[in-house]
Amino acid sequence: MAMCKALGRFYTSEGHNASWAAQRGKILFHSGMCALSRVVLGIETSCDDTGAAVVDETGHVLGEALRSQTEVHLKTGGIIPTVAQQLHRESIAGVVHDALRASGISPNDLAAIATTVKPGLALSLGVGLAYSVQMVKQYQKPFIPIHHMEAHALTVRLMEPVDFPFLVLLISGGHCMLLVARGVCDFLLLGQSLDEAPGDTLDKAARRLYLAKHPECAAMSGGQAIEHIAQRGNRLHCEELRMPMTHSLDCNFSFAGLRTHVNRLILQKEKEEGLQEGQVLTCVADIAAAVQHMVTLHVAKRTHRAILFCKKEGLLPQKNACLVVSGGVASNQYIRRALRTVTDATEFTLLCPPPRLCTDNGIMIAWNGIERLCAGLQVLHTAEGVRYEPKAPLGTDISDQVRQAAIKVPRLKLNPEVK
Ligand code: KG4
Ligand code: ZN
């Protein structure tokens, strides 16, 4: 089978996308490009990644460009919104240009432009939206406003034929939610974080542990650094940490208490080792392993309850039900292994996009644009008057119903690799 110009290797390697696209029977190649298939440009600037991609309706990625701000924010000790805004401003034109050039598609031939407009950092969202408004006007193209978390939830459908409804766990730097995806813009919210998101907790723990001082972690996000360092740690050396929310039988999450405990533990260990501020603990890997483990247990427990709730209420097909996991934290292999134990025990299929598509990127936005274009959902003739929304809920909230069901989750023996 012919490969797409820029990223075909990426998608055909799993074997899924080729058959998914073929099943839809829409692939027509001409001079290495997909002809006759509608093509959408996606633009992502909701947080600290400037991304753009050109994707066609068979799910082929024709071109992509991504510029990460991670290294800058590691130096400043976290994302400073005005700095993120400035970096998006400096990158946006180049990133869009690179994605279009890699695709070989002229802006005139786009079927639509899709851009993240919610939720996210106001100043970051504003850059992508302002750029899109101008482009939509210049090329007279339809505009598709995108909800960032909806895009994370649907990315998996670019990879393989996952039918609605499915259960989806979204774990990122800004969000933590369990949803039943019933359609492109039809979600039931089973539970969400009551305070911070797991990525935020991991980022802050990594910063507090000075992980960026380890040369091999210098360019990694906090979550990535925790996963990397935790591989050589033993969480049993730090048994002080506890899984959050053991007494509430719902599908909500909480990570703020865990972060407080982690900070207290680090302070105590620093005192024991007689360290000055900025010096790295000898037991840093053990703490990283313990934090990662507690985040994992909490996420796995709530997800297990969500699966049992869906079974009880008949919200998903009795056979071949899927759990999709996405968002930056879903790149974490330790968390994936624990979730596999849960899906094996409940006869669900676990599906995760590759790490590269779990973290923010333009491809997921372009694909969400394709999904909305095909479904005829919120395809606007102009981008004038569209506002960005830093906070934006997703789905119909049925978390009260989940809490009232008060489902007890049986203890599971985790996969031996989840030590
Ligand atoms: O989805 P994403 O790219 O941006 C948001 O929408 O927030 O997620 C970013 C988050 C960061 O907190 C980052 O530390 C975390 O995803 N992350 C990870 C890993 N890679 C990225 N967390 C745990 N393990 C990883 N391998
Ligand atoms: Zn994200």
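Which elements cover the buried residues of α8? I took this up at the outset, working from a predicted model.

**Entry 1. Helix α8**

I listed the buried residues of α8 as Pro198, Gly199, Asp200, Thr201, Leu202, Ala205 and Ala206. Their cover includes the strands β8 (166-171) and β9 (176-183). The helices α9, α10 (256-273) and α11 (284-313) are also among the covering elements. I then followed the chain past the end of the helix. Just after α8, Tyr210 takes a positive phi, at about 55°.

**Entry 2. Surroundings of ligand 1**

I next looked up the shell around ligand 1 and found 21 residues in it. The closest are Gly173, Asp203, Gly223, Glu227 and Asp360. By class, I recorded three nonpolar, 15 polar and three charged residues.

The most comes from α9, which gives four residues.

I then looked up polar contacts to the ligand. A polar backbone atom of Gly173 is 2.8 Å from an oxygen atom of ligand 1. For Asp203, a polar side-chain atom lies 2.6 Å from an oxygen atom of ligand 1. For Glu227, an N or O atom of the side chain is 2.8 Å from a nitrogen atom of the ligand. Ligand 1 taken alone exposes 560 Å², and the protein buries 91% of that.

**Entry 3. The two domains**

I turned to the domain assignment of the protein chain. It gives domain 1 as 2-155 + 357-388 and domain 2 as 173-352 + 397-405. Their centres, taken over C-alpha atoms, are separated by 28 Å. To the contact, domain 1 contributes 18 residues and domain 2 contributes 18 residues.

Why does ligand 1 lie between domain 1 and domain 2? I place it there because both domains give residues to the shell around it.

**Entry 4. Asn361**

I located Asn361 in the loop between α13 (355-358) and α14 (362-375). Is Asn361 buried or exposed? I count Asn361 as buried, because its relative accessibility is 0%, and the cut-off for buried is under 20%.

I looked up what the side chain of Asn361 reaches. Another is the backbone nitrogen of Ile363, at 2.9 Å. Setting aside residues up to four places away in sequence, I found that Asn361 touches Glu44, Glu64, Leu66 and Arg356.

**Entry 5. Asn368**

I found Asn368 in helix α14. I count Asn368 as buried because its relative accessible area is 0%.

The side chain of Asn368 reaches the backbone nitrogen of Ala151, at 3.1 Å. Leaving aside neighbours within four places in sequence, I recorded contacts of Asn368 with Ile146, His147, Glu150, Ala151 and Leu154.

**Entry 6. Backbone geometry**

Which residues does a cis peptide bond join? I found Phe164 and Pro165 joined in this way, with omega at about -5°. Pro165 is in the loop between α7 (156-159) and β8.

I then looked up Asn320, which is not a glycine but has a positive phi of about 60°. Asn320 lies in the loop between α11 and β11 (322-326). With a relative accessibility of 69%, Asn320 counts as exposed, since the cut-off for exposed is over 50%.

Where is Glu347? I placed Glu347 in the loop between α12 (333-346) and β12 (349-351). Glu347 is not a glycine, yet its phi is positive, at about 60°. I count Glu347 as exposed because its relative accessibility is 69%.

How values were computed:
Residues are numbered from 1 along each chain as its sequence is written. Chains are lettered from A and ligands numbered from 1 in the order in which they are written. This is a predicted model: local features need pLDDT of at least 70, side-chain atom pairs count only at pLDDT 80 or more; totals for chains, interfaces and linings use all residues. Side-chain values use heavy atoms; hydrogens and water are left out. A residue is near a molecule or strand if one of its heavy atoms lies within 4 Å of it. A polar contact is a pair of N or O atoms within 3.5 Å; within protein, one must be able to donate a hydrogen and the other to accept it, and residues adjacent in sequence count only if both atoms are side-chain atoms. Accessible areas come from the Shrake-Rupley method with a 1.4 Å probe; for residues, only the protein chains shown count as cover. Helices (H or I, at least four residues) and strands (E, at least two) are DSSP runs, numbered from the N terminus. Ala, Val, Leu, Ile, Met, Phe, Trp, Tyr, Cys and Pro count as nonpolar, Asp, Glu, Lys and Arg as charged, and the others, Gly among them, as polar. Domain bounds come from an automatic or database domain assignment. Buried means under 20% relative accessible area, exposed over 50%, partly exposed in between (1.4 Å probe, protein chains only). Contact means heavy atoms within 4.5 Å.
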